[in-house]
Amino acid sequence: MSSVATRVIVGRRTKWLVLVFWIVLVAVAGPFAGKLTGAQKNDAKNWLPGKAESTKVLDLQTAFQSPNTIPAVVVYERPGGLTAADKAKIADDTKRYASVGRIDGQITGPIFSRDGAGAQVLLPLDLGKDGWNQASKVVTKITGIARTSPGLAAHVTGPAGFAADSADAFKGIDGTLLFAALGVVIVILLLTYRSPILWLLPVMSAGIALTAAQAFIYFLATHAGLTVNAQSAGILTVLVFGAGTDYALLLIARYREELRRHADRHEAMAVALHRAGPAILASAGTVAIGMLCLLFAEMNSTKGLGPVAAIGVVIALLSMMTLLPALLVIVGRWVFWPKRPRFGSAEPTTTGAWARVGAAISRRPRKVWVVTALVLGVLAVGIVDLNANGLSNKDSFRGHPDSVTGEAVLSRHFPAGAGQPLVVISDAGKADAVAKAVQDTRGIVAVDPPITKGGRSFLQATMAAAPDSQAGYDTVDRVRGAVHPIAGADAHVGGSTAINLDVNRAATHDRDVIIPIVLLVVFVILGLLLRAIVAPVLLIATVVLSFAAALGVSALVFNHVFGYGGADTALPLFVFVFLVALGIDYNIFLMTRVREEALKDGTRTGAITGLAATGGVITSAGLVLAGTFAMLATLPLVGFAEMGFAVAFGVLLDTLVVRSVLVTAINLDLGDRMWWPSALSRRSGEKITLEDEPVTVG
């Protein structure tokens with residue numbers, strides 16, 4: 001950072017202005033931050049790929065029913081067979097369901113199963129624009145009507161049932177993740193600093209950053225069209241606390257070093273900002289730009305996450321680089337009690353555990369990095385066990401919510417696709433031809449009569465296969481293949497099964513497009529920061545190897561320890577973006593310090609000194625980030641649990657093995673050749689003067 005910026009942030013007078021600015025900002029932002037949950041858009045259209053056929057069907061469908069209509073399926077079962085009283089009750093319930101909310105169209109049913117043990121009623125519920133939040137309330141009313149007869153089981157499934165259970169799973173997500181992440185951060189900061197007071201300042205700065213970020217995102221969501229959903233809002237909390245605390249740890253570690261070299265704490269903080277600032281800025285910039293690469297996604301939910309995450313990282317950076325330094329110089333050295341860094345005292349990292357690790361690696365660096373790389377490669381083999389082809393409804397929840405139970409009951413007594421039909425919209429003049437083509441398609445067991453309006457035709461078709469199965473997806477493809485060639489029909493196939501199919505294909509596209517873009521962006525940033533080509537290439541290779549190993553181990557754990565029934569299609573992309581963007585942080589922290597020391601004493605000495613100086617703080621940062629992401633596993637959704645585990649494990653692997661052992665060993669083996677083609681790679685052993693200008697404090 002420039003000396004002008006440091007003078008403003010930690011000046012003897014201006015530090016108070018910085019503090020007042022953030023106090024005023026959080027006071028203004030607080031009320032708006034609390035409104036972010038209400039600005040979330042969790043309806044299907046805002047999660048789907050924008051150009052997908054199923055998304056277009058949702059738009060066309062508005063001519064026939066409200067875009068806020070979600071069908072609910074009430075399924076009844078008595079294992080010994082429905083009695084006459086049961087059938088009378090179900091018929092009476094069907095009439096009473098009209099009172100649970102706005103019904104868009106006709107209630108269908110009761111439909112009794114051929115085996116005599118089950119029945120179903122289909123309710124087209126118009127839940128309004130806030131349907132995601134209303135689903136649970138309406139389903140509760142339906143359940144209250146249905147479950148009033150002993151021995152007659154009743155469940156609510158279908159899209160409305162799953163929406164209700166998903167909404168319940170996300171309920172309180174912001175508060176749950178906030179307090180869980182806060183608890184992890186506090187514990188690790190207490191263990192790191194062993195101070196009963198110091199931890200308050202990073203936590204306070206992170207909390208203020210989160211409030212400011214939520215308010216800013218709220219304004220963009222309401223006035224600029226930014227899409228925010230429960231997923232991105234939850235990840236925002238984890239990212240701000242995790243990444244923000246990482247930046248705080250690095251800054252405080254460098255500040256503590258400088259307090260031993262400078263009698264004036266303002267001067268010490270100015271130097272700490274000047275020395276550590278470029279690494280922190282580069283780190284945050286890498287994460288933010290990496291998140292913005294998600295804008296290239298087809299999935300609306302993935303595309304919306306990019307700006308939300310980038311905004312969170314940037315505001316966390318601003319807080320940790322302005323508010324936190326101001327707070328630290330205001331309170332003085334006593335905040336480190338009981339281990340206050342005194343002027344002139346020895347720097348403990350030079351003889352610490354990481355200094356000893358570096359010395360041990362230096363004896364045989366080539367053997368160390370080759371063996372480490374081979375071990376990581378073996379762990380990466382587990383990727384072949386990763387089944388990232390999407391999660392079925394029953395596999396999406398940890399536990400057995402009512403919608404999953406109801407789907408199982410429905411499939412026992414009716415065709416597996418009952419309650420979640422395919423929707424085909426076409427030109428009204430070709431309605432009969434389209435209906436016949438659908439009826440003749442293998443895998444379709446029933447087709448409702450077409451409804452025409454405004455020159456368009458609407459029909460629904462029941463599949464034999466389960467709506468979330470591969471057989472169901474194959475049926476969608478066959479139906480599309482049958483109706484698309486009909487001249488003049490302009491037919492489009494949608495419905496929940498088509499939606500899931502299009503989501504899976506969009507996620508595959510996003511993975512194949514975004515991963516190379518992220519790698520290119522990270523390479524350019526590293527090249528500019530380190531002024532080299534060899535070092536960025538090797539660093540990216542180590543992080544990619546770490547990602548592969550983390551995903552390989554995660555696949556084995558998901559399948560053979562947790563017993564999950566697969567993985568979300570977007571999991572590899574999200575894990576890659578978070579691990580590469582965040583994992584490269586630690587390499588930036590380490591390598592900028594190694595380069596600083598290499599300018600004075602050569603790369604081999606710089607590698608050991610850099611590891612000794614940054615080892616403790618990077619380990620603490622990794623524990624914070626892993627701990628906060630692990631809190632995603634507290635949610636009752638398998639997709640979040642998998643993401644939390646994979647990212648947390650990958651961060652720990654990168655922190656404890658890749659950065660500390662693999663990268664250090666490569667530095668020691670290659671020496672100054674790491675910096676090719678810069679001048680540092682061609683020197684003949686002489687010391688080079690640091691390029692940094694003097695820092696003064698106003």
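Helix α4 (residues 84-96) lies across β1, β2 and β3 (118-126), running at about 165° to β2. Helices here (H or I, at least four residues) and strands (E, at least two) are DSSP runs, numbered from the N terminus. Angles run from 0 to 180 degrees between N-to-C directions, with axes fitted to C-alpha atoms, for helices over the stretch in contact. Keep in mind that this is a predicted model: local features need pLDDT of at least 70, side-chain atom pairs count only at pLDDT 80 or more, and totals for chains, interfaces and linings use all residues. Residues are numbered from 1 along each chain as its sequence is written, and side-chain values use heavy atoms, leaving out hydrogens and water.

| Helix | Lies across | Angle |
|---|---|---|
| α4 (residues 84-96) | β1, β2 and β3 | about 165° to β2 |
| α14 (residues 402-413) | β1, β3 and β4 | about 110° to β4 |

As for the sheet, four strands run in the order β2-β3-β1-β4, forming an open, antiparallel arrangement; strands pair if DSSP finds at least two bridges between them. β2 (108-112) and β4 (153-157) are the edge strands, each pairing on one side only. From one strand to the next, the twist averages 20°. β1 (residues 69-77) and β4 pair over five bridges, and Val75 has His155 in β4 as its bridge partner.

Now for a helix pair: the axes of α2 (residues 14-33) and α11 (residues 300-331) come within 9 Å and cross at roughly 130°. That makes α2 oblique to α11, since angles under 35 degrees count as roughly parallel, over 145 as roughly antiparallel, 65 to 115 as roughly perpendicular and the rest as oblique. The contact (heavy atoms within 4.5 Å) includes Trp16 and Trp22 of α2 and Leu318 and Leu323 of α11.
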